[in-house]
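Okay, thanks everyone, I'll keep this short. Let me put the sequence and the structure up, and then we'll walk through the charged pairs and the sheet.

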Amino acid sequence: MNEFKPGDIVRQRIHPGGRWDYFHVEYAHRNGALDCIADADGKPCGLSAHARGIEKATLAQLVEHREAV
């Protein structure tokens, strides 16, 4: 079962100890595939809920990230 759902904000660490990229979940498939929109450029992309380094994020974390960039 997939713990993510449409409307969630998720983030994925790009490099160990590196920066985070943020995504908006559009659709969560039962097999763990996520249809997302990248926050950085608004382009659609796919993620896997089973990938290391992907986790739910809060709106506050996203806003903090946007202010830092």
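So, Glu-55: with a relative accessibility of 31%, this one counts as partly exposed. Keep in mind that we're looking at a predicted model. Glu-55 makes a salt bridge to Arg-11, and the closest N and O atoms are 2.8 Å apart. Now, is Arg-11 buried or exposed? Arg-11 is buried, at 12% relative accessible area. What I like here is that Glu-55 sits in strand 5 and Arg-11 in strand 1, so this pair ties together parts that are 44 residues apart in sequence.

We've got five strands in an open sheet, order 4-3-2-1-5, with antiparallel pairing. From one strand to the next, the twist averages 45 degrees. Strand 1 and strand 2 are antiparallel and joined by five bridges; Arg-11 has Tyr-22 as its bridge partner in strand 2. Then helix 1, residues 59-68, packs on the sheet and touches strands 1, 2 and 5, with its direction at about 135 degrees to that of strand 2.

Back to charges. The whole structure has five salt bridges. One of them pairs Lys-5 with Asp-8, at 3.2 Å from N to O. Lys-5 is partly exposed at 48% relative accessibility, while Asp-8 is buried at 10%. Those two also belong to a salt-bridge network with Lys-56. And Arg-19 pairs with Asp-21, closest N and O atoms 2.3 Å apart, in another salt bridge.

Methods. Residues numbered from 1 in each chain as written. Predicted model: local features only at pLDDT ≥ 70, side-chain atom pairs only at ≥ 80, totals over all residues. Heavy atoms only, no water. Pairing = 2+ DSSP bridges. Helix = DSSP H or I, 4+ residues; strand = E, 2+ residues; numbered from the N terminus. Axes fitted to C-alpha atoms, helices over the stretch in contact; angles between N-to-C directions. Contact = heavy atoms within 4.5 Å. Salt bridge = Lys/Arg side-chain N within 4 Å of Asp/Glu carboxyl O. Buried < 20%, exposed > 50% of the residue type's maximum accessible area, 1.4 Å probe, protein only.
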